[in-house]
Amino acid sequence: AHNSHNSHHHRGLGNNNLVIVMNMAVMKMVLAVVVYVSKEGTLTNLMHQLKKYRWLVLPFMVPSALYMVVDALALVILSFLDPRTFTMLSSLKIVVMGIIWSIWFNKPLTRAQWAGLLCITSGCVLDQAAFILAHMRIPRGKNTIISTSSSPSSSLQGNNASSMIMSGAS
């Protein structure tokens, strides 16, 4: 009973996304302070600078809080998606934001920007296609072409490039 209580308590703490995000934020702040003190000055000097330039620092608190919200949402999403799908969707976020930016601000994208968005999209599509093909049940004979028949004996044999790709031969 003692072990199940500990695993339940540990599981509950591990699933609390706010605690994880807050710990990450505190660790980032501690690291920033350590770097500042090691390169620029003392902790007292840092506090004095923050007070002196508070109106410069305060506006950065809004995006900082928003990044914390995004981090918390990412952890929630990861509890529903596998990391591979999450990464692919994160990459597609760049594509969607590029298109929305172009439309919202009425700024046409350059050919290089469109090429970049196309490369990202193609990479995501190819990655998912490779993942899907790797997990399909494909007959593994040399130079096997996938057929629509359910009978393994009805698969066609050939030496063309597509049959070699589908069978995994090189």
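In this predicted model, helix α6, which covers residues 83-104, and helix α7, which covers residues 111-135, have axes that come within 10 Å of each other and cross at roughly 155 degrees. Because an angle over 145 degrees counts as roughly antiparallel, α6 is described as roughly antiparallel to α7. The crossing of these two helices, α6 and α7, is left-handed. On the α6 side the contact is made by Arg84, Met88, Ser91, Leu92, Ile94, Val95, Gly98 and Ile99, and these meet Trp114, Leu117, Ile120, Thr121, Cys124, Asp127, Gln128 and Phe131 on the α7 side.

Glutamine 128 has its place in helix α7, and once its neighbours within four places in sequence are left aside, it is in contact with Arg84 and Met88. Is glutamine 128 buried or exposed? Its relative accessibility is 16%, and because buried means under 20%, glutamine 128 counts as buried.

The phi angle of asparagine 106 is near 50 degrees, which is a positive value in a residue other than glycine. With a relative accessible area of 67%, asparagine 106 is exposed.

How many aromatic pairs does a search of the whole structure find? The search finds one, and it is formed by tryptophan 101 and phenylalanine 105, whose rings are 6.3 Å apart from centre to centre, with 50 degrees between their planes, an arrangement classed as tilted. Tryptophan 101 is partly exposed, with a relative accessible area of 37%, and phenylalanine 105 is also partly exposed, with a relative accessible area of 48%.

A further helix pair is that of α2, residues 17-39, and α3, residues 43-52. The axes of α2 and α3 are 9 Å apart, and the two helices pack at an angle of about 110 degrees. Because angles of 65 to 115 degrees count as roughly perpendicular, α2 is roughly perpendicular to α3. Val33, Tyr36 and Val37 of α2 make this contact with Leu43, Asn45, Leu46 and Gln49 of α3. By class, the contact of α2 with α3 holds five nonpolar residues and two polar ones, with no charged residues.

In the loop between α2 and α3 the reader will find threonine 42. Not counting residues up to four places away in sequence, threonine 42 touches Tyr36 and Val37, and both of these also belong to the α2 side of the contact with α3. The relative accessible area of threonine 42 is 46%, and this residue is partly exposed.

Helix α2 also packs against helix α5, which covers residues 61-78, at an angle of about 135 degrees and with the axes 9 Å apart. That angle makes α2 oblique to α5, and the crossing of the two is right-handed. From α2 the contact draws on Asn17, Ile20, Val21, Met22, Met24, Ala25 and Lys28, while α5 contributes Met68, Asp71, Ala72, Leu75 and Val76. The contact of α2 with α5 has nine nonpolar residues, one polar residue and two charged residues by class.

Finally, the protein chain can be taken as a whole. Its secondary structure comes to eight helices and two strands, and from the N terminus on the elements run α-α-α-α-α-α-α-β-β-α. Of the 170 residues in the protein chain, 12% are buried, and glutamine 128, as described above, counts as buried. Among the contacts in the protein chain between residues at least 6 apart in sequence, 39% join residues that are at least 24 apart.

Terms used: Residues are numbered from 1 along each chain as its sequence is written. This is a predicted model: local features need pLDDT of at least 70, side-chain atom pairs count only at pLDDT 80 or more; totals for chains, interfaces and linings use all residues. Side-chain values use heavy atoms; hydrogens and water are left out. Axes are lines fitted to C-alpha atoms, for helices over the stretch in contact, and angles run from 0 to 180 degrees between N-to-C directions. Helices (H or I, at least four residues) and strands (E, at least two) are DSSP runs, numbered from the N terminus. Angles under 35 degrees count as roughly parallel, over 145 as roughly antiparallel, 65 to 115 as roughly perpendicular and the rest as oblique. A crossing is left-handed if the near helix is turned anticlockwise from the far one by less than a right angle, and right-handed if clockwise. Contact means heavy atoms within 4.5 Å. Rings of Phe, Tyr and Trp (its six-membered ring) pair if their centres lie within 6.5 Å; planes under 30 degrees apart count as stacked, over 60 as edge-to-face and the rest as tilted. Buried means under 20% relative accessible area, exposed over 50%, partly exposed in between (1.4 Å probe, protein chains only). Ala, Val, Leu, Ile, Met, Phe, Trp, Tyr, Cys and Pro count as nonpolar, Asp, Glu, Lys and Arg as charged, and the others, Gly among them, as polar.
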